[in-house]
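These are my notebook entries on one protein model, written down in the order in which I looked things up.

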Amino acid sequence: MRSPGLDNEVILMNNIYKERFPKATQQMEERLEQLVNDHRELDPQHASDAVARFAHHQIIELARDCLDKSREKLVTSEYFFELTESLEKLIIECQEKSPQAAQHLRKLVKKLLVTVSRPARLLECLEFDPEEFYRLLEAAEGQAKVVQGVTTDIPQYIINKLGLNRDPFADLAAEVTEQLDSLPEVEDKKTKTKAPCEDDFEAIKLFSNGAYGAVHLVRHKETRMRATRWSKCLRSGTL
């Protein structure tokens, strides 16, 4: 039986979890409820298989239990871990007795695991205790040295294997330098811009024809764009 103090700690952690991630909890509960309602009945094609009926009933009951635990604020990362183990074990046993049923129910199990995956990760992050982790790491290190006879410095060994002892900025600088050296040299060519002239435009419409010149609406021959202002020319020439 769970002690009242432990239940209070779980409820407190769930309150913190729901305050920080309200949408994650709400989405999980809504999807669990929809999963239970949509898959309440087994597919008629597998209804005659006793193994399929039993496994299907167990999956739905696990989903319903998870929904109830979430509403009662009693879910923990350990609960999600046990739920995952139960589902995996159920599928393995189902595969041994009825491969067809296992193939059909594997999709339902995957859907349930995807539904609870995000809340499980978030709760695991909230429940992470660095002091407890460090204590377990020291215990594992001591056991490795005593039982397996490991004489090297285990943390340093892990650091070396992961490459954390290297300077990442030095490696990055060397990589960038190598890439720059491999680039072909590009000549600096200044693009020559041709000044516009009257021959570059064609007249669209004559707006006015005064004593000193005519005003046209013009359009560029290549870009086919109209001029933003009217073009004015003297009598001695036309656009």
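This is a predicted model: local features need pLDDT of at least 70, side-chain atom pairs count only at pLDDT 80 or more; totals for chains, interfaces and linings use all residues.

**Entry 1**

Residues are numbered from 1 along each chain as its sequence is written, and side-chain values use heavy atoms, with hydrogens and water left out.

**Entry 2: The whole chain**

I counted eight helices and three strands in the protein chain, where helices (H or I, at least four residues) and strands (E, at least two) are DSSP runs numbered from the N terminus. Read along the sequence, the pattern is α-α-α-α-α-α-α-α-β-β-β. Of the 239 residues in the protein chain, 24% are buried.

**Entry 3: H3 against H5**

How do helix H3 and helix H5 pack, and at what angle? I found that H3 (residues 50-71) and H5 (residues 99-127) pack at an angle of about 5 degrees with their axes 10 Å apart, the axes being lines fitted to C-alpha atoms over the stretch in contact, and the angles running from 0 to 180 degrees between N-to-C directions. That makes H3 roughly parallel to H5, a term for angles under 35 degrees. On the H3 side the contact (heavy atoms within 4.5 Å) includes Ala52, His56 and Cys66, and on the H5 side it includes Leu105, Val109 and Val116. By class, I wrote down 12 nonpolar residues, one polar and no charged; Ala, Val, Leu, Ile, Met, Phe, Trp, Tyr, Cys and Pro count as nonpolar, Asp, Glu, Lys and Arg as charged, and the others, Gly among them, as polar.

**Entry 4: The second largest pocket**

I then turned to the second largest pocket, which holds about 230 Å³ of space. It is lined by 13 residues, and Ser77, Phe81, Ala120, Arg121 and Glu124 lie nearest its centre. Helix H4 (77-97) and H5 are the elements that give two or more residues to this lining, and H5 gives the most, with seven. By class, the lining has six nonpolar, three polar and four charged residues.

In the loop between H3 and H4 I looked up Lys73, which has a positive phi of about 60 degrees although it is not a glycine. At 30% relative accessibility, Lys73 counts as partly exposed.

My last entry is Ala203, which lies in strand S1 (residues 201-209) and counts as partly exposed at 42% relative accessibility. The C-alpha atoms of Ala203 and Lys221 are separated by 9.9 Å, and the two residues are 18 apart along the chain.

Technical notes
Angles under 35 degrees count as roughly parallel, over 145 as roughly antiparallel, 65 to 115 as roughly perpendicular and the rest as oblique. Buried means under 20% relative accessible area, exposed over 50%, partly exposed in between (1.4 Å probe, protein chains only). On a 1 Å grid over the protein atoms alone, a cavity is a set of points where a 1.4 Å probe fits but cannot get out, and a pocket is an open set with protein on both sides within 12 Å along at least five of seven lines; lining residues have an atom within 4 Å of a point. Grid points are joined across faces, edges and corners, and a volume is the space filled by probe spheres set on the points.
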